[in-house]
Amino acid sequence: MKGVYFLISTLAILASATFLVSASDPGPLQDFCVALNDTKSAEAVFVNGKFCKDPKLANANDFFFSGLQNPRNTQNPLGSNVTAVNVDNLLGLNTLGISLARIDFAPNGLNPPHTHPRATEILVVLEGTLYVGFVTSNGDGNRLFTKVLNKGDVFVFPIGLIHFQLNVGKVNAVAFAGLSSQNPGVITIAKAVFGSQPPINPDVLAKAFQVDDNVVDNLQKQFWYDNN
């Protein structure tokens, strides 16, 4: 009898521990979601993600996106073009925690250093040769991990870390990326720092980058192209 009681007690404790470990706030699905006490306010139009359609009204088109087979225009300053497929253009992705992107590169085209604040990325090269890499956090010493990828190669960029892809081949390159969020977000480092609206105080950037104010002023006057 004692053995049965001990077994039941142990199972109950394990069940409680499992519940406590798994309990957490839902991850953010956009940059922020400011709370409102008045839910009847005209401002109360957002949720953490998207509102859901009545499941009985859903149809196949809600889960369908077409056109990723076509090459994209890479005639821009970066020589690259990112076509994202996320919850904004494929509504059936809502709550599913996944999205993807097609990335086209001209020769020497660059997908510049950027981060996805809400997603890990896994990249597969379909055509061409890419030099890819990511940088670890300050606590890890900002180590750089790089690899040259050829057709069929796969590389993973951990969530939130700065990463990039450069076409080092002499022909166009194409890659597809899977991301672990319906809305992974993207922060292009150069554009965010030097192209923010309104601009960051030049004194802040001059001290942070240890450069002259004139250098910062020149960088803030550039047109920061966004390929996403």
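The legends below describe close-up views of a predicted model.

Local features are described where pLDDT is at least 70 and side-chain atom pairs count only at pLDDT 80 or more, whereas totals for chains, interfaces and linings use all residues. Residues are numbered from 1 along each chain as its sequence is written, and side-chain values use heavy atoms, with hydrogens and water left out.

**View 1. The open sheet S1-S2-S9-S4-S7.** Five strands form this open sheet, in the order S1-S2-S9-S4-S7, with antiparallel pairing; strands are DSSP runs of E with at least two residues, helices are DSSP runs of H or I with at least four residues, and both are numbered from the N terminus. Two strands are taken to pair if DSSP finds at least two bridges between them. Strand S1 (80-85) and S7 are the edge strands, each pairing on one side only. From one strand to the next, the twist averages 20°, axes being lines fitted to C-alpha atoms (for helices, over the stretch in contact) and angles running from 0 to 180 degrees between N-to-C directions. Within this sheet, S4 and S7 are joined in the antiparallel sense over four bridges, and Leu-123 has Phe-155 in S7 as its bridge partner.

**View 2. The largest nonpolar core and the surroundings of Phe-157.** A nonpolar core is a set of buried Ala, Val, Leu, Ile, Met, Phe, Trp, Tyr and Cys residues joined through side-chain atoms within 4.5 Å, where buried means under 20% relative accessible area, exposed over 50% and partly exposed in between (1.4 Å probe, protein chains only). The largest such core has 16 residues, of which Ile-103, Leu-123, Leu-130, Val-132, Leu-149, Phe-155 and Phe-157 touch the most other members. Two or more residues are given to this core by each of strand S2 (99-105), strand S4 (121-127), strand S5 (130-135), strand S7 (154-157) and strand S9 (173-179). In soluble globular proteins, nonpolar side chains tend to be buried together. With neighbours within four places in sequence left aside, Phe-157 is in contact (heavy atoms within 4.5 Å) with Thr-120, Glu-121, Leu-123, Val-132, Gly-133, Phe-134, His-163, Phe-164 and Gln-165.

**View 3. The open sheet S6-S5-S8-S3-S10.** Another five strands are arranged as an open sheet in the order S6-S5-S8-S3-S10, and their pairing is antiparallel. Strand S6 (144-149) and strand S10 (187-188) stand at the edges with a single partner strand each, so one side of each is left without a neighbour in the sheet. Strand S3 (residues 110-115) runs antiparallel to strand S8 (residues 162-167), to which three bridges join it; Leu-110 stands opposite Leu-166 in S8, and His-114 has His-163 in S8 as its bridge partner. S3 also pairs with S10 in the antiparallel sense, over two bridges, and here His-114 stands opposite Thr-188.

**View 4. His-116 in the loop between S3 and S4.** His-116 has its place in the loop between S3 and S4 and counts as buried because its relative accessibility is 9%. Apart from neighbours within four places in sequence, His-116 is in contact with Glu-121, Ile-159, Gly-160, His-163, Leu-179, Pro-184, Gly-185 and Val-186. The C-alpha atoms of His-116 and Ile-187 are separated by 6.5 Å, although these residues are 71 residues apart along the chain.

**View 5. The crossing of helices H3 and H4.** The axes of helix H3 (residues 202-209) and helix H4 (residues 213-220) come within 9 Å and cross at roughly 115°. In this contact, Pro-202, Asp-203, Leu-205 and Ala-206 of H3 meet Asp-213, Val-216 and Gln-220 of H4. By class, the contact of H3 with H4 has four nonpolar, one polar and two charged residues; Ala, Val, Leu, Ile, Met, Phe, Trp, Tyr, Cys and Pro count as nonpolar, Asp, Glu, Lys and Arg as charged, and the others, Gly among them, as polar.

View 6. Most residues other than glycine have a negative phi, and most peptide bonds are trans. Asn-108, in the loop between S2 and S3, has a positive phi of about 70° although it is not a glycine, and at 59% relative accessibility Asn-108 counts as exposed. Asn-142, in the loop between S5 and S6, likewise has a positive phi, near 50°, and at 41% relative accessibility Asn-142 counts as partly exposed. The peptide bond from Gln-197 to Pro-198 is cis, with omega near -5°, and Pro-198 lies in the loop between helix H2 (189-194) and H3.
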